[in-house]
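Me: I have a protein chain to look at, and I am new to this. Could you walk me through how to read it?

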Amino acid sequence: MSDLTRPFDFSHLSPADRIMLAEDLWDSVTAEQDAPPLTPAQKEELRSRLAAADRGEMTYSPWQEVKQRLTKPK
């Protein structure tokens, strides 16, 4: 088995170090990804929402409230 096909052994790292490594790995992948282009409808929706936010017409909810609404059984 070559070094490239063998699973990596991270057991010598602390949990915090493994989390940091996973975050760094994820960041390196996403940094290389180009976001797909927005459709004209998506661009217009973003413009509309930003304008509403600038006018103070938007309401916001704390993440915990959003999470409760999304995970609440129906």
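Reply: Happy to! Let's begin with the secondary structure. This is a predicted model, and its chain has three helices and zero strands.

Me: How do I read the overall spread of the chain, and what is its radius of gyration?

Reply: The idea is to set the radius of gyration against what a globule rule gives for that chain length. Here the radius of gyration is 21 Å, while the rule gives 11 Å for 74 residues, so the chain is more spread out than a compact globule.

Me: What share of the 74 residues is buried?

Reply: A residue counts as buried when its relative accessible area is under 20%. In this chain, buried residues make up 1% of the 74 residues. The accessible surface comes to about 7,400 Å², and 59% of that belongs to carbon and sulfur atoms.

Me: Now the charges. How many salt bridges does a search of the whole structure find?

Reply: For a salt bridge, you look for a side-chain nitrogen of Lys or Arg within 4 Å of a carboxyl oxygen of Asp or Glu. Searching the whole structure gives three of them. One joins the side chains of Arg-47 and Glu-44, with an N to O distance of 3.2 Å. Another joins Glu-45 and Arg-49, at 2.7 Å from N to O.

Me: Why are Arg-47 and Glu-44 separated by about one helical turn?

Reply: Count along the helix. Arg-47 and Glu-44 are three residues apart in helix α2, which covers residues 40-54, and therefore about one helical turn lies between them. Glu-45 and Arg-49 are four residues apart in helix α2, again a separation of about one helical turn.

Me: Are the Glu residues of those two pairs buried, exposed or partly exposed?

Reply: Check the relative accessible area of each. Glu-44 has 44% and is partly exposed. Glu-45, at 39%, also counts as partly exposed.

Me: Which residue forms a salt bridge with Glu-57?

Reply: That partner is Arg-55, and the closest N and O atoms of the pair are 2.9 Å apart. Both Glu-57 and Arg-55 are exposed.

Me: How far apart are the mean positions of the positive and negative charges?

Reply: Here you average the places of each kind of charge and compare the two points. The chain has 10 positive and 13 negative charges, and their mean positions are 11 Å apart.

Definitions and conventions. Residues are numbered from 1 along each chain as its sequence is written. This is a predicted model: local features need pLDDT of at least 70, side-chain atom pairs count only at pLDDT 80 or more; totals for chains, interfaces and linings use all residues. Side-chain values use heavy atoms; hydrogens and water are left out. Helices (H or I, at least four residues) and strands (E, at least two) are DSSP runs, numbered from the N terminus. Buried means under 20% relative accessible area, exposed over 50%, partly exposed in between (1.4 Å probe, protein chains only). The radius of gyration is taken over C-alpha atoms; the globule rule is 2.2 Å times the number of residues to the power 0.38. Accessible areas come from the Shrake-Rupley method with a 1.4 Å probe; for residues, only the protein chains shown count as cover. Lys and Arg count as positive and Asp and Glu as negative; His and the chain ends are not counted. The place of a charge is taken as NZ of Lys, CZ of Arg, CG of Asp or CD of Glu.
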